[in-house]
Amino acid sequence: MGGHPRTFQFHACFVAIFFFIHLLHFSTVVKASNNGGFSVKLIRKELARTTSPYSRRLMDSSKVVQSTSNAYLGHYLMELSIGTPPKTIYGIADTGSDLIWTQCVPCHNCYKQLNPMFDPQQSSTYTNISCESEACHILDTTTLCSSSSFSSHNDQCNYTYAYASASITQGVLAHEKFTFTSTMGQPISLEGVVFGCGHSNSGDFNDHEMGIIGLGKGPASLISQMGSSFGSKRFSQCLVPFNTDIDVYSKLSFGNGSEVLGEGVVSTPLVTKADDTTPYFVTLLGITVGNTYLPFSNTSSGTVAKGNMFIDSGTPPTILPQDLYDRVVAQMSNQIALRPIEDDHDLGSQLCYRTETIVGGPMIIAHFEGADVQLTQTQIFVPPKDGVQCLGFTNTSSDGGIYGNFAQSNYLIGFDLDRQIVSFKPTDCTKQ
């Protein structure tokens with residue numbers, strides 16, 4: 001999603017893209033503790049038709065909920081509990097931002113959510129962070145040490161955190177207990193996690209989303225605050241394609257046991273940028289469409305900047321600089337026998353076809369530094385509605401781009417902060 005202000009240049013306004021259609025939902029299941037790491041199941045939700053053709057049916061373990069919220073956001077929701085006694089929250093899992101936050105009462109300017117908001121006064125382990133504390137400066141964004149509309153206290157740490165999608169959260173930073181539920185029924189907790197109690201929140205959220213779980217590299221993220229508590233500073237994900245049966249799980253793993261190993265693994269180095277510690281920057285050298293190689297840079301020098309892309313679970317499509325995007329679209333059009341849709345204003349300028357499947361369409365290979373990642377039709381095209389397939393890529397005027405979650409499906413992807421690499425292993429995530 002890109003929560004850091006300096007990452008705005010990499011983001012297009014993706015909420016206007018027609019095919020951002022599916023919401024996914026986490027149920028935490030911890031496989032091991034005591035520095036042994038743990039895994040989280042991701043529960044797939046299906047698209048349903050109610051009063052709007054793009055509304056969603058959302059299901060938890062006990063009931064089906066009908067929603068007519070707009071269906072332009074393809075997010076993964078992580079379930080965890082905070083506070084004592086623990087209260088369940090569902091937050092967007094986002095490797096493009098750091099802050100962990102949820103809507104809190106009192107909420108002065110908040111979007112509607114179905115589940116009750118977190119009430120810090122009902123938790124015995126909630127503690128506001130003071131302005132004098134180092135934790136008040138854990139975010140590389142705006143914090144204020146003064147009273148606000150949220151409280152009359154002058155010593156609390158007020159924050160403002162904005163996203164490239166124009167979403168924003170404001171509130172106070174606090175320490176709280178975070179709890180995951182193990183498969184054996186035993187809770188595994190992290191004490192004193194810094195999170196944002198959001199009292200004024202707005203933007204592109206639906207009523208099932210209770211906040212955002214920042215999984216970036218910065219010090220405020222869940223990954224950084226976990227550190228080596230589960231044996232190592234690494235995590236991996238295996239996302240099922242968005243059109244998978246709702247009963248099939250994806251998986252997110254933390255710590256020991258989350259390593260991506262074995263035949264077919266390719267790895268690319270993470271690129272560190274001093275002025276932006278949040279994103280997982282990698283270097284894309286070029287893209288092959290079918291048998292045609294398209295270099296990232298189309299200039300005579302052919303120079304490619306290190307860290308020109310970052311991997312973002314909070315952004316559905318892959319976002320490319322305008323020139324590279326235009327060349328990819330041109331090659332896809334040339335190599336697909338079907339006629340693109342030109343008479344549907346809802347689809348805008350996206351490359352779309354009237355078909356259930358793209359038969360004979362070209363493969364795409366993303367050539368990262370040291371790692372060639374092949375994408376199949378399932379990862380390249382997404383159906384915004386029945387009988388239509390659209391290219392899961394879009395464009396930006398920036399020089400850099402984003403590797404979105406559509407393209408990440410059916411790959412076991414490991415983020416290893418100890419070794420500073422990202423690894424890819426082609427995997428049928430529906431069988432993990």
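Modeller: Cys104 and Cys197 are joined by a disulfide with an S to S distance of 2.0 Å, a disulfide being a pair of cysteine sulfur atoms within 2.5 Å. This pair links distant parts of the chain, 93 residues apart: Cys104 sits in the loop between β7 (100-103) and β8 (127-128), and Cys197 in strand β12 (residues 187-202). Strands, like helices, are DSSP runs numbered from the N terminus (strands: E, at least two residues; helices: H or I, at least four residues). The link of Cys104 and Cys197 is left-handed, with -105° about the S-S bond. Cys104 counts as buried because its relative accessibility is 0%, and Cys197 is likewise buried, with a relative accessible area of 0%. Here buried means under 20% relative accessible area, exposed means over 50%, and partly exposed lies in between (1.4 Å probe, protein chains only).

The model is a predicted one, in which local features need pLDDT of at least 70 and side-chain atom pairs count only at pLDDT 80 or more, while totals for chains, interfaces and linings use all residues. Residues are numbered from 1 along each chain as its sequence is written, and side-chain values use heavy atoms, with hydrogens and water left out.

By the distance rule the count comes to 5 disulfides. With the bonded cysteines of the protein chain numbered in sequence order, the pairing reads 1-6, 2-3, 4-5, 7-10, 8-9.

Another of these links is that of Cys238 and Cys429, whose sulfur atoms are 2.0 Å apart. Its torsion about the S-S bond is about -90°, so the disulfide is left-handed. Cys238 belongs to strand β14 (residues 234-238) and Cys429 to the segment after β31 (421-426), so the bond ties together parts that are 191 residues apart in sequence. Both Cys238 and Cys429 are buried.

Cys352 and Cys390 also form a disulfide, again with sulfur atoms 2.0 Å apart. In this case the torsion about the S-S bond is about 105°, so the disulfide is right-handed. Distant parts of the chain are linked here too, with Cys352 in strand β23 (residues 352-354) and Cys390 in strand β27 (residues 388-391), 38 residues apart. Cys352 counts as buried at 1% relative accessibility, and Cys390 counts as buried at 1% as well.
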